[in-house]
Amino acid sequence: MGPNYVQIFMLVVLCASTLRVSTANRHGYHRRRTDTPETVVVGGSSANWTFGFDYTYWAFKHGPFYVNDTLVFKYDLPKDNTTHPHSVYLLPNQESFDTCNLTNAVKVADGAQGGGKGFEFVLKEFKPHLFACGGGEGIHCNLGKMKFNVLPLPSRIWY
């Protein structure tokens, strides 16, 4: 029996993370130099969690992420009944992530939790975390690029 989708996904992400770290080290760039967990605002302080920002690219550019790092999702609270509020879902598998299918996803933050200091999510396990916004019944995820994945590495290795 061959490898399943999760195993292939983990291998690809691990290879990409390793390449990213080795390339960064070659150019003298280290995202951090401590063994303490980092708190990261998703999208950066100027973008936050918003429609139209490419979070997949952001996660690749910002990584690597590590177990016990905290992701902070900041987004505007819904203003009236004409807007689709942002939320944060954890998707169960790569197929759901690719198609923005929220059917079996777990909502970890609703429209009200991203205001103020934002919603904090701690990466507690060495496993893929597939995040998406559920706003507009998947429209924010599909058209708004409000999705990204991370595979937090178990330890920090510096060269």
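Let's start with a word you'll need: a residue is buried when its relative accessible area is under 20%, exposed when that is over 50%, and partly exposed in between (1.4 Å probe, protein chains only). By that rule, both C100 and C141 are buried.

Before going on, some ground rules. This is a predicted model, where local features need pLDDT of at least 70 and side-chain atom pairs count only at pLDDT 80 or more, while totals for chains, interfaces and linings use all residues. Residues are numbered from 1 along each chain as its sequence is written, and side-chain values use heavy atoms, with hydrogens and water left out.

**The cysteines**

How many disulfides (pairs of cysteine sulfur atoms within 2.5 Å) does a search of the whole structure find? The search turns up 1. It joins C100 to C141, with 2.0 Å from S to S. The two sit 41 residues apart: C100 is in the loop between α4 (94-99) and β4 (106-109), and C141 is in helix α5 (residues 139-142). Helices (H or I, at least four residues) and strands (E, at least two) are DSSP runs, numbered from the N terminus. The link is left-handed, with -70° about the S-S bond.

And C133? That cysteine is in no disulfide, and the nearest cysteine sulfur, that of C141, is 8.1 Å away. C133 is buried too, with a relative accessible area of 0%.

Most residues other than glycine have a negative phi, and most peptide bonds are trans.

| Residue | Phi | Relative accessibility |
|---|---|---|
| C100 | about 60° | 6%, buried |
| K145 | about 60° | 42%, partly exposed |

K145 is found in the loop between α5 and β7 (147-150). There's also a cis peptide bond, from G63 to P64, with omega near 10°. P64 belongs to the loop between α3 (55-62) and β2 (70-73).

**The rings**

Rings of Phe, Tyr and Trp (its six-membered ring) pair if their centres lie within 6.5 Å; planes under 30 degrees apart count as stacked, over 60 as edge-to-face and the rest as tilted. The whole structure has 11 aromatic pairs. In one of them, W49 and F73 have ring centres 5.2 Å apart and planes at 85°, so they are edge-to-face. Because W49 lies in the loop between α2 (44-47) and α3 and F73 in strand β2, this pair ties together parts 24 residues apart in sequence. Both W49 and F73 are buried.

W49 also pairs edge-to-face with F148, with centres 6.1 Å apart and planes at 80°. F148 is in strand β7, 99 residues from W49.

Note on methods: A disulfide is a pair of cysteine sulfur atoms within 2.5 Å.
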